[in-house]
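Thanks for coming. I have one chain to go through, so please look at the sequence and the structure while I talk.

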Amino acid sequence: MTRANARELAVHLIYSQGFTGEEPDTVVATRLEKEYYKLLSEENEVYEQRPSRAQLAYIDNVVAGVSNRREMLDTQIQKYSIGWDVSRISRLARSVMQLAIFEILFVEDVPTGVAVSEAVRLAKKYDGDDTGAFVNGILGSFARSLSSEEA
């Protein structure tokens with residue numbers, strides 16, 4: 001499994017957790033249980049390979065991290081989604097952006113450009129080109145604000 005696939009799987013888990021309210025470790029354990037995972041592989045190609053230990057560690061880290069910092073992440077999304085209330089943004093787009101912002105701020109081996117481009121790719125895949133452009137605009141503004149703070 002590639003990091004891109006692990007990221008996509010993490011978005012599914014973050015999205016799922018937004019509905020169920022389950023603890024991050026419960027969501028991961030349930031979704032990655034062998035038999036359930038096998039059923040999911042029939043619906044989506046991202047589940048064809050099981051995550052390696054390294055990918056599982058990444059998934060655990062980001063799912064728990066997003067869960068623990070959801071309010072702060074949503075505050076950042078709100079700040080850069082001018083004219084949009086976070087509650088009006090699709091859950092999937094919000095999950096994608098939460099993950100990207102978390103990666104930018106807290107995952108050292110993920111460059112900002114990769115986090116943004118992967119978020120746009122996932123938003124387009126699951127929500128369409130318009131959502132991809134919307135996500136790109138918000139995350140681009142967020143990333144530029146970080147660059148200007150460092151200068």
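**Helix H1 and its neighbours**

The buried residues of H1 pack against helix H2 (24-32), helix H3 (34-41), helix H4 (53-68), H5, helix H6 (91-106) and H7. Keep in mind that this is a predicted model.

Let me stay with H1 for a moment. Which residues of H1 are buried? They are Ala-6, Arg-7, Glu-8, Leu-9, Ala-10, Val-11, His-12, Leu-13, Ile-14, Ser-16 and Gln-17. On length, the 18 residues of H1 should span 26 Å at 1.5 Å a residue, and the end C-alpha atoms of H1 are 25 Å apart, which agrees. Just after H1 comes Gly-21, with a positive phi of about 75 degrees.

Glu-8 sits in H1, which covers residues 3-20. Is Glu-8 buried or exposed? The relative accessible area of Glu-8 is 2%, and the cut-off for buried is under 20%, so Glu-8 counts as buried. What does Glu-8 touch, leaving out residues up to four places away in sequence? The list is Asn-44, Val-46, Arg-121, Leu-122, Lys-125 and Tyr-126.

Now to H7. This helix covers residues 112-127, and its 16 residues should span 22 Å at 1.5 Å a residue; the end C-alpha atoms are 22 Å apart, which agrees. The buried residues in H7 are Ala-115, Val-116, Glu-118, Ala-119, Val-120, Leu-122 and Ala-123. Leu-122, then, is buried in H7 and is also one of the residues that Glu-8 touches. Just after H7, Gly-128 has a positive phi of about 100 degrees.

Arg-91 belongs to helix H6. With a relative accessible area of 38%, Arg-91 is partly exposed. Where does Arg-91 make its contacts, again not counting residues up to four places away in sequence? Arg-91 touches Tyr-15, Gly-18 and Phe-19. Take Tyr-15: Arg-91 and Tyr-15 are 76 residues apart in sequence, while their C-alpha atoms are 6.7 Å apart in space.

Thr-75 lies in helix H5, residues 70-80.

Let me step back to the whole chain. How many helices and how many strands does the chain have? There are eight helices and zero strands. The radius of gyration is 15 Å, close to the 15 Å that the globule rule gives for 151 residues, so the chain is as compact as a globular protein of that length. Along the principal axes, the C-alpha atoms fill a box of roughly 45 × 30 × 25 Å. Of the 151 residues, 46% count as buried.

As for contacts in the chain with a separation of 6 or more, 67% of them are between residues 24 or more positions apart. The chain exposes about 8000 Å², and carbon and sulfur atoms supply 49% of that area. There are 17 positive and 23 negative side chains, and the centres of the two sets lie 1 Å apart.

That is what I have for today.

Definitions and conventions
Residues are numbered from 1 along each chain as its sequence is written. This is a predicted model: local features need pLDDT of at least 70, side-chain atom pairs count only at pLDDT 80 or more; totals for chains, interfaces and linings use all residues. Side-chain values use heavy atoms; hydrogens and water are left out. Helices (H or I, at least four residues) and strands (E, at least two) are DSSP runs, numbered from the N terminus. The radius of gyration is taken over C-alpha atoms; the globule rule is 2.2 Å times the number of residues to the power 0.38. Buried means under 20% relative accessible area, exposed over 50%, partly exposed in between (1.4 Å probe, protein chains only). Contact means heavy atoms within 4.5 Å. Accessible areas come from the Shrake-Rupley method with a 1.4 Å probe; for residues, only the protein chains shown count as cover. Lys and Arg count as positive and Asp and Glu as negative; His and the chain ends are not counted. The place of a charge is taken as NZ of Lys, CZ of Arg, CG of Asp or CD of Glu. The expected span of a helix is 1.5 Å times one less than its number of residues.
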